[in-house]
Each structure stands twice: as C-alpha cells, then as structure tokens.
Amino acid sequence: SMSYDQSKAISAKDIEQGPFDATHQLLGGQYARMSISERIDAYFIDSSLVPLMIQENYLRSKAASQRSLPGRSKKSPSLIDLAAAAADAISQSERVDSLIHGSNQEWSLAPLHGFMSSVLPSYFVYGQLSGQIQFPAWFGQYSKRGKNERLLRELSHHTFDRLHASPQDISLYYAPRMTARILTDMQKN
C-alpha cells in the first residue's frame, strides 16, 4: 500500500520536461544544485536540440557567482572570459559530434558530447538569465538555405536550354546580372 504523499512524491519526479526546461535548468541558477548526472540527463531530454539551445542562449546568462577557468591563473575571470570559455567548449564539442554522426557512428561518445556541448558551457556562464530562452536561429537559416538551393535548381532547369550552366555557375555569374537587369527594368517602369 502507498500513501497519498508517497504517490505524490513519485509522480513529481516523472514530470515530463522539454528542451526549454533543460536549457533553463542548465543556464539558470538551478545548475549549482544539480548533480553531474542530472546535468547530463538534461542534455538527453533532446540530445539534438538542447546543445543548439545552449549555443543560442549562453550569452544571455550572466555568471552570478565566482568560478575559475581551468588552466588559467586568473582567480575571478571577467564575463567575456567566461563566455569565450563556453564558446570554446561548444566548438570542441563539434569534434565529438562529428565522430558520433560520422561514418563510424561512435554513439558511445554521446555522454561526452552532452558534457562538452551542454554541461561544460553551462558551467562557465550559468547564473541569471536575461530575457526569454530563444529557439535556435540555425533552423531558420537552414530552412532559408534549402529554399534558396531549391530555387536555384529550378532556375537552372528552366534556363538549361539556353545557358547549359550548372546551378553554381548561375549563382556566381548569371544571377547577379539577371537581378540587376530585372531591377533596372522595374525601376524604369
């Protein structure tokens, strides 16, 4: 048998969290109260989205307490030093990500990637978050790039009878001249 309080305590642990919650936990003041295991669990809430959200939002967090940077003699680094250390950790995590998603598919490195892409950058900058947590702008840029590549392929297909040019040639040589010509005609008329 189980009492009401016991069931309430168990159910409170099973509250589903999303990447916004994980980002807030890692970059906000809760970070200091979390164990390393809980920090890596926050990464695994969505291992493809949480690192992008940390990368998008780490500059919005201001370190509230003093911390040291490994390998540096400076006892109280400035906010810019902490942000640079977080950016370096994010950059280094890309090497691990390439091993995970590359041809070898080293999925055993996922906890290391979680540490380097989310936990370590958060250590450097966690504290007071300013503003709302932003969704990664990378998705919008990736979508725009896909749209532009599709439009370039269509333009290449429609002009193939006369130009016999690759999409790259059209982008580099023909599109700027066509744009200038079309805009000139539009301005005149």
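Which residues are buried in α2? Select α2 (19-27): P19, A22, T23, Q25, L26 and L27 are buried there, buried meaning under 20% relative accessible area with a 1.4 Å probe and protein chains only. Helices are DSSP runs of H or I of at least four residues, and strands are runs of E of at least two, numbered from the N terminus.

This is a predicted model, in which local features need pLDDT of at least 70 and side-chain atom pairs count only at pLDDT 80 or more, while totals for chains, interfaces and linings use all residues. Residues are numbered from 1 along each chain as its sequence is written, and side-chain values use heavy atoms, with hydrogens and water left out.

Next, display the surroundings of α2. Its buried residues pack against α3, α4, β1 (61-63), α6 and β2 (127-129). Centre on L26, which is in contact (heavy atoms within 4.5 Å) with Y31, R39, A42, V50, I54, S118, S122 and Y126, leaving aside neighbours within four places in sequence.

Of its 21 residues, L26, Y58, F124 and V125 touch the most other members. Two or more residues come from each of α2, α3 (36-43), α4 (50-57), α5 (79-101) and α6 (110-125); α5 gives the most, with six.

Finally, select α7 (residues 138-163) and α8 (residues 167-188), which pack at an angle of about 85° with axes 11 Å apart, the axes being lines fitted to C-alpha atoms over the stretch in contact and angles running from 0 to 180 degrees between N-to-C directions. The two helices are therefore roughly perpendicular (65 to 115 degrees). L152, L155, S156, T159 and L163 of α7 meet P167, I170, S171, Y174 and M178 of α8 in this contact.

Notes
Parallel < 35°, antiparallel > 145°, perpendicular 65-115°, else oblique. Core = buried A, V, L, I, M, F, W, Y, C linked by side-chain atoms within 4.5 Å. Buried < 20%, exposed > 50% of the residue type's maximum accessible area, 1.4 Å probe, protein only.
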